[in-house]
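Hi everyone, thanks for coming. Have a look at the chain on the screen, and I'll talk you through it.

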Amino acid sequence: MHIHRALYHESRNPAALCFNRNLCYYISNIACDRQAPLRHPAEPRSRGVDGLELMNYVVFDLEWNQCPYGKARENRKIPFEIIEIGAVMLDADMSRLSTFHRVIRPKVYRQLHYRTKEIVNLTMEDLKNGMPFPMAVRDFLEWAGRDSVFCTWGCVDLNELQRNMNFYGLLHLLPGPFHYYDVQKLFSIAFEDGRTCRSLNYAADLLELQEDEEFHSAMADAEYTSEVFRRIPRGLLPENDSLNVFQNPKSKTEEIHTVYNRYSLYVSREFRSKEEAMNDQEVRTVYCSKCGKKAHRKIRWFAAGSQKYVCLAVCPVHGFLQGVIRMRKSETGATYVKKTVAPCQEAQAEAIRRRRDELREKRRKRRHLNEEKLSATS
Ligand SMILES: [Zn+2]
C-alpha cells in the first residue's frame, strides 16, 4: 500500500501548514518545503516517472469469529479473529483489475461463535482448509501493492486487520496512520444526509445493485462495497477521505496536523488522562482552519459529554471557529485527542454559548442539590 504516513508538520509551527491544498500531504516534523510531497490518495491519475498511473483502490471486506465461550474467556489481544479476506482492486478510472480471496484457518478460537455461524457463509470444515493468517495477510498486502489506497465499509475492518496483524507481530508491514476511503461515509455524503450510517445491504438496495450473492461473505461484501464506491461522484473523494489512527501518534513529533477544505484535524500524542490532555497547550490551542493563525478563544473549552469538549474561537479574518475535542483510547489504554476546528456561523456560535450556559446551570443545580442532601444528613 502507498502509506500516507501523512501530513504532519512541526506541531509548534502551524505557520508551516500547507493551506493551499485540500489536504496537507507532506511528511514532516521538520519544515514542509524541505520534504518531498506525497501523493494525495484521491489525486486522480497521478503518474510515476514511467508515465504509468500509480494509484489503485483496494476495496476489501473481512469476516471474523469471536470467542465461542463468551467475552470472559476471550483473548483480549484479539477479540475478533479474522477468518476471511475478500477484496476487489479498481484502477484510478474505477475499472476492475482483479480480486483477492482467502479463507483463514483460525488459531485462537477453534469453534465458531453462534453469531458468526449465523452470519458467515463458512463452516468449521471450510476454515480448517484455510491458510494461516500471517501467510494470508502477506499475500493480501503483496497483491494490494504499495500504491493503492484502501476502501472499506465503515472503519472497523481496518482496525481489526491491524489488531490481528499486531497479534502476530506483523504490524510493521502496514505502517500507520494512513488515509483510506470509508465507503459507508461516502455513500451517506453522496446519497443521503452525510451523517447516517447505513448497512451495505441498504446501500445496495438504494443503488439498485444486482444482488446475486448473499451478504456477509467477504468476497460478496467486497464486491458490493466496490460497486457502491464506483457510484460515488469522483469530485467528492479529495475532501472526504478518512484517516486511520489505529497506530496513533506516540510522540510530539508524530502528532498529526492536517487540513481539509472545510476543517482542520489534529491528533495528539498519548496522555495519562483526559485531564492531562486538556492541560496541554497544543491540545487547547485553536488555529484557524483557513489561515492557520492562532485564533482567540471566545468560549473556553467545556465538557459537552464525558469524552467530548467544545470551544468557540474567532479569527480576525475568518470569523467564528468551532473547536471539538474527542478523547480516544489507544490499544494500550492510553488517552489521546482528536481535535477538529471548523468555521461556523453566528447562529452556531450562539448555540455553543447556550449549550455552555445550560450545562453550567445543570452543574450548578446538581451541586446545590448535593449540598442540600449533605446538610440534610448532617
Ligand atoms: Zn483565519
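Buried here means 20 or more other C-beta atoms within 10 Å of a residue's own, exposed means 12 or fewer, and partly exposed is in between, with C-beta atoms placed from the backbone.

Quick housekeeping. This is a predicted model: local features need pLDDT of at least 70, side-chain atom pairs count only at pLDDT 80 or more, and totals for chains, interfaces and linings use all residues. Residues are numbered from 1 along each chain as its sequence is written.

Now the overall picture. The chain has 378 residues, and 36% of them count as buried. We've got ten helices and twelve strands; these are DSSP runs numbered from the N terminus, H or I with at least four residues for helices, E with at least two for strands.

On to the sheet. Six strands form an open sheet in the order β3-β2-β1-β4-β5-β6, with mixed pairing; two strands pair if DSSP finds at least two bridges between them. At the edges are β3 (96–103) and β6 (242–244), each pairing on one side only. Further in, β1 (residues 56–66) and β4 (residues 148–152) run parallel, joined by four bridges, and N56 stands opposite S148 in β4.

What packs on this sheet? Helix α3 (residues 133–144) does, touching β1, β2, β3 and β4, and its direction makes about 175° with that of β3. Then there's helix α4 (residues 156–167), lying across β1, β2, β4, β5 and β6 at about 70° to β1. Those angles run from 0 to 180 degrees between N-to-C directions, using axes fitted to C-alpha atoms, for helices over the stretch in contact. Contact means C-beta atoms, placed from the backbone, within 7 Å.

Last stop, the largest nonpolar core, with 72 residues. A core is a set of buried Ala, Val, Leu, Ile, Met, Phe, Trp, Tyr and Cys residues joined through C-beta atoms within 7 Å. Strand β2 (residues 80–90) gives the largest share, eight residues. Where does this core lie? Domain 1 (56–236) and domain 2 (249–356) both give residues to it, so it lies between them; the domain bounds come from an automatic or database assignment. L321 is among the residues with the most contacts inside the core. Beyond its neighbours within four places in sequence, L321 touches residues including V286, A313 and V341.

Note on methods
Contact = placed C-beta atoms within 7 Å.
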